[in-house]
Amino acid sequence: MAEILKGNVVAAQIKEKMKKDIEELAKIGKVPTLGIVRLGNNPDDVSYEKSIIKNCETIGIKSQVFEKDLDMTTNELVEFMEELNQDNSISGVLIFRPLPKHIDEARIREALSPAKDVDCMHPLNLAKIFEGNMSGFTPCTPKAAMEILLYNNVELEGKNVVVVNRSMVLGKPLAMMLLEKNATVTICHSRTKNLHEITSKADVVVTALGKAKFFDKKYFNEKSICIDVGVSLDNEGKLSGDIDYPEVSEMVSMITPVPGGVGAVTTSLLLSHVVEACKRM
């Protein structure tokens with residue numbers, strides 16, 4: 001039976017550090033504040049927004065929601081980003097994506113100040129990661145995967161790590177973070193041939209295909225460390241990761257659950273970026 005790498009214990013450690021930082025900031029009259037920008041009323045966005053606000057309240061971060069019309073123009077949104085850049089009461093900004101199709105997302109990414117870009121959408125913050133510079137704000141999901149590995153003392157130096165995702169949101173920045181720890185990284189994706197032959201030989205496998213229970217036993221070995229980032233609904237309509245958890249957890253060395261794994265750490269890291277942004281102001 002695998003060791004279960006639960007995200008809530010990692011998130012709790014991150015929150016404890018945040019609380020201490022927030023107390024220190026209060027002594028000099030600073031309050032970390034997250035500005036949430038939402039276009040329209042997408043139910044998923046509204047649900048996530050409520051979750052973020054609740055998490056903010058539990059540790060002493062203020063939040064302010066800016067609900068905008070779904071049909072606002074790119075120029076109008078750029079102007080609003082510039083307003084937020086100049087607003088000293090806002091420490092960090094989160095913009096719900098994907099944006100409507102008529103919005104030029106590239107312009108919006110560049111309009112937000114890198115100093116307030118707590119979700120790492122600005123090209124400059126992404127570029128830092130590819131230079132091996134982790135001093136900026138990194139994407140929260142890949143960083144959450146790294147935090148789980150580091151918290152559980154997984155030695156990455158010299159290890160073979162397979163990342164099944166090639167996006168700029170997860171796979172590519174995660175590969176850079178792993179390389180920074182001297183791991184040997186292979187990036188795979190949905191069109192990789194003989195995927196199971198590659199993953200089954202790896203020390204660590206990070207899955208993020210978004211296909212419920214896609215990865216069964218043949219994709220791993222008895223020493224595999226499995227980080228499941230995928231979230232989707234299985235055939236029974238239940239929340240599931242990419243890995244067939246009941247089957248795979250019986251044979252591998254370590255595994256993250258879904259829910260309760262990487263996702264549990266992601267929001268805490270986002271809020272930690274808000275606190276860090278406030279400290280730098």
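Predicted model: local features only at pLDDT ≥ 70, side-chain atom pairs only at ≥ 80, totals over all residues.
**Stop 1: the domains**

Select residues 29-113 and colour them as domain 1, then select 140-263 and colour them as domain 2; these are the two domains in the domain assignment of the protein. The C-alpha centres of domain 1 and domain 2 are 30 Å apart.

**Stop 2: the largest pocket**

Rolling a probe the size of a water molecule over the atoms shows where empty space is left. Here, the largest pocket holds about 1300 Å³ of space. To centre the view on this pocket, select Tyr48, Arg97, Thr141, Val169 and Thr266, which lie nearest its centre among the 41 residues of the lining.

Where does the largest pocket lie relative to domain 1 and domain 2? Both domains give residues to its lining, so the pocket lies between them.

Next, show the elements around the largest pocket as cartoon. Helix 2 (43-59), strand 4 (92-95), helix 4 (105-111), helix 6 (140-151) and helix 10 (262-280) each supply at least two lining residues. Helix 10 provides the largest share of this lining, with six residues. Colouring the lining of the largest pocket by residue class gives 24 nonpolar, 10 polar and seven charged residues.

**Stop 3: the second largest pocket**

Move on to the second largest pocket, with about 530 Å³ of space. Select Lys143, Glu147, Leu269, Ser272 and His273, the closest to its centre of the 24 residues that line this pocket. Two or more lining residues come from each of helix 1 (7-27), helix 6, helix 7 (171-180) and helix 10.

Which element gives the largest share of the lining of the second largest pocket? Helix 10 does, with seven residues. By class, the lining of the second largest pocket divides into nine nonpolar, six polar and nine charged residues.

**Stop 4: helix 6 against helix 10**

Keep helix 6 and helix 10 on screen and hide the rest. Two packed helices are described by the angle between their axes and the distance between the axes. For helix 6 and helix 10, the axes come within 8 Å and cross at roughly 115°. Angles of 65 to 115 degrees count as roughly perpendicular, and helix 6 and helix 10 are therefore roughly perpendicular to each other. The crossing of helix 6 past helix 10 is right-handed.

**Stop 5: backbone exceptions**

Most residues other than glycine have a negative phi, and most peptide bonds are trans.

Select Arg97 and Pro98 first. A cis peptide bond joins them, with omega about 5°. Pro98 sits in the loop between strand 4 and helix 4, while Arg97 is among the residues nearest the centre of the largest pocket.

Then select Val258 and Pro259. The peptide bond from Val258 to Pro259 is also cis, and omega is near 0°. Pro259 is in the loop between strand 11 (254-255) and helix 10.

End at Asn153, in the loop between helix 6 and strand 5 (160-164). Asn153 is not a glycine, yet its phi is positive, at about 55°.

Definitions and conventions. Residues numbered from 1 in each chain as written. Heavy atoms only, no water. 1 Å grid on protein atoms, 1.4 Å probe; cavity = no way out; pocket = protein on both sides within 12 Å on 5 of 7 lines; lining within 4 Å. Points joined across faces, edges and corners; volume = space filled by probe spheres on them. Helix = DSSP H or I, 4+ residues; strand = E, 2+ residues; numbered from the N terminus. Nonpolar A, V, L, I, M, F, W, Y, C, P; charged D, E, K, R; others polar. Domains from an automatic or database assignment. Axes fitted to C-alpha atoms, helices over the stretch in contact; angles between N-to-C directions. Parallel < 35°, antiparallel > 145°, perpendicular 65-115°, else oblique. Left-handed = near helix turned anticlockwise from the far one by under 90°.
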